[in-house]
Amino acid sequence: MYAQMVKSTGNLKTRDEMSPEEAHFQDRIDAGEKIEPKDWMPEGYRKTLIRQIGQHAHSEIVGQLPEGNWITRAPTLERKAILLAKVQDEAGHGLYLYCAAETLGVSRDELTEDLLSGRMKYSSIFNYPTLNWADIGAVGWLVDGAAIMNQVPLQRTSFGPYSRAMIRICKEESFHQRQGYDIMMKMAQGSEAQKRMAQDALNRVWYPALMMFGPSDKDSVHSGQSMAWKIKINTNDELRQKFVDQTVPQAEFLGLTVPDENLKWNEEKGGYDFSEPDWNEFFEVVRGNGPCNTDRINARIKAWEDGAWVRDGLMAHAQKKSSQVAAE
Amino acid sequence: MSKEWPLWEVFIRGQHGMSHRHVGSLHAADAEMALKNARDVYTRRNEGVSMWVVESSNITASAPSDKGPLYEPSNSKIYRHPTFFDIPDEVGAM
């Protein structure tokens, strides 16, 4: 999802293959205990979590770019203030998550450098453009909706700092989805042209939003270990199904059509049948060949490089001041 | 020159909170900036009426492995809880 392609390190071990420490660690997780940063943990757990939380944090930060694109062009002052608050929340969410990752022994600069060099990923969804104001509605409604779907169960994840960050984020996130849906309602009930824009935004965002849950379970290797460690709670397909079931009635309320000819209620499974997204497109975007990958990374590199003198200057000032205090 | 800003721990006392509670951490060059950042990062929804920031390196924490020696001794001292003592109902509220 926000962490789509996180490979967990090491294969799932049986009880017999575990060292006494590993077995004790697994017992604690099975008993629902939280693992805290200073507790003993398998190296694979630490590494997988750094990747996953880091990718999640990067997604929050890069996710500001497509929305920030519309702050100056929001249709009213109120919409502008609301969007600004939402984008500010995303920055906050990124910071909570970076701090959680840092408790595992990685530095903020290392995480940033790994994002800028492409060693670490962020969610594929943010490599799509926001072409008009209706996209801001569709992003809030669908992208934040998909994010919530994934983040709610992660509140119960085994790693304490990650769980606490998720709890905080979930409290704030439903505002995001509602503001998106509010935009969609306004447009869907507006003029014919506005309604066309709303439908067009849904058409473009639908499949990229479905991709946010990551590859289909049959192609998603490595998730067994993450599930045993409770750093992944549901499978990709479970969450995708839940998202579709929740979202289709919301689209119907808006009078919009989900762009999927195969979408059909399946009484037997108690959920919708639907078309899978184009996985070739997904893997291309993850590989760096989406419509906005280069723009997004270049924007982050520019922010990092342009901000260097500020970071260094403030640090130098703080050191000078503390040495003056020491001298007095 | 590249030097990472130090890490600070943030504590906030809420409207009806009895004491400051740890809410998270952040990076800042100095204490003044840590307070400003804490306000932006941790009080966007009226969470608090007072903030403390402490540089993380100044915090001494107990080790998880000391859990036994530190807390187990109190397990056997249940007489520290008022419910340990049976007081007859006739005595009234106590």
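Select Asp89(A) and Arg45(B), whose side chains meet in a salt bridge at 2.4 Å, N to O, where a salt bridge is a side-chain nitrogen of Lys or Arg within 4 Å of a carboxyl oxygen of Asp or Glu. Across the interface of chain A and chain B this rule finds six salt bridges. This is a predicted model, in which local features need pLDDT of at least 70 and side-chain atom pairs count only at pLDDT 80 or more, whereas totals for chains, interfaces and linings use all residues. Residues are numbered from 1 along each chain as its sequence is written, chains are lettered from A and ligands numbered from 1 in the order in which they are written, and side-chain values use heavy atoms, with hydrogens and water left out.

**The interface**

Now select the two sides of the contact (heavy atoms within 4.5 Å), to which chain A and chain B bring 24 residues each. The area buried between the two chains is about 2,000 Å², of which carbon and sulfur atoms give 50%; buried area is the accessible area, with a 1.4 Å probe, that two parts lose on being put together, summed over both. Within the selection, highlight Lys38(A), Arg168(A) and Met315(A), which supply 25% of the area that chain A buries against chain B, more than any other three residues.

Between chain A and chain B, 12 residue pairs are in polar contact, both residues at pLDDT 80 or more; such a contact is a pair of N or O atoms within 3.5 Å, and within protein one must be able to donate a hydrogen and the other to accept it, while residues adjacent in sequence count only if both atoms are side-chain atoms. On the side of chain A that touches chain B, at least two residues come from each of helix H4 (77-102), helix H5 (108-116), helix H7 (160-188) and helix H13 (308-327) of chain A. Helices (H or I, at least four residues) and strands (E, at least two) are DSSP runs, numbered from the N terminus.

**The largest pocket**

Which residues are the closest to the centre of the largest pocket? About 1,400 Å³ of space lies in this pocket, and of the 43 residues that line it, Arg164(A), Glu9(B), His22(B), Val23(B) and Gly24(B) are the closest to its centre. On a 1 Å grid over the protein atoms alone, a pocket is an open set of points with protein on both sides within 12 Å along at least five of seven lines, a cavity is a set of points where a 1.4 Å probe fits but cannot get out, and lining residues have an atom within 4 Å of a point. Grid points are joined across faces, edges and corners, and a volume is the space filled by probe spheres set on the points. Colour H7(A) next, as this helix gives the most to the lining of the largest pocket, with seven residues.

**The second largest pocket**

Move to the second largest pocket, which holds about 990 Å³ of space. Of its 33 lining residues, the closest to the centre are Leu95(A), Arg108(A), Trp304(A), Arg311(A) and Trp5(B). The largest share of this lining, six residues, comes from H5(A).

**The cavity and one more salt bridge**

The count comes to one cavity of 30 Å³ or more, and the largest cavity has a volume of about 50 Å³. Select its lining, which includes Tyr2(A), Glu60(A), Lys86(A), Phe126(A) and Asp144(A); H6(A) gives the most to it, with three residues.

Finally, select Arg15(A) and Asp27(A), whose side chains meet in a salt bridge at 2.7 Å, N to O. This pair links distant parts of the chain, 12 residues apart, with Arg15(A) in the segment before helix H1 (20-30) of chain A and Asp27(A) in that helix. Over all chains, a search of the whole structure finds 27 salt bridges.
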